[in-house]
Amino acid sequence: MNGVPTGKGGHAYHPANRRAVIDVGTNSVKLLIGDITGGAVTPVLEASKQTRLGAGLYSTRRLQAPAIALTAEAAAEFCKTAV
């Protein structure tokens with residue numbers, strides 16, 4: 001079941017303190033899913049996709065449509081993974 005531990009009856013088990021973070025940066029979109037215990041984070045899944053959102057930004061002062069689309073796709077995929 002996508003690497004998610006299962007409990008009784010095969011249902012997905014999600015600890016109450018599991019959290020996900022998506023970081024959208026200039027060159028990549030990153031996902032971290034982790035379990036939080038006493039202020040410490042134990043990574044469960046880490047992923048990264050290079051989308052080059054900032055490509056050409058300094059010369060054009062604008063984000064480029066293809067890079068915006070790639071970034072949006074990566075963020076949407078990571079949102080589905082995090083659920």
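Arg 19 sits in strand β1, which spans residues 18-24; strands (E, at least two residues) and helices (H or I, at least four) are DSSP runs numbered from the N terminus. The model is predicted: local features need pLDDT of at least 70, side-chain atom pairs count only at pLDDT 80 or more, and totals for chains, interfaces and linings use all residues. Residues are numbered from 1 along each chain as its sequence is written, and side-chain values use heavy atoms, leaving out hydrogens and water.

**Around Arg 19**
- Arg 19 is partly exposed, at 46% relative accessible area; that class lies between buried (under 20%) and exposed (over 50%), with a 1.4 Å probe and protein chains only.
- Arg 19 touches Leu 32, Ile 33, Gly 34 and Ile 36, leaving aside residues up to four places away in sequence; contact means heavy atoms within 4.5 Å.
- Ile 36 is 17 residues from Arg 19 in sequence, yet their C-alpha atoms are 7.4 Å apart.

**Strand pairing**
- Strands β1 and β2 (residues 28-37) run antiparallel, joined by seven bridges; pairing takes at least two DSSP bridges.
- Arg 18 has Asp 35 in β2 as its bridge partner.
- A hairpin of three residues links β1 to β2.
- Strands β2 and β3 (residues 40-50) also run antiparallel, with 10 bridges.
- Lys 30 has Ser 48 in β3 as its bridge partner.
- Two residues separate β2 and β3 in their hairpin, where Gly 38 takes a positive phi near 55 degrees.

**Whole chain**
- The order from the N terminus is β-β-β-α-α.
- Of the 83 residues, 17% count as buried.
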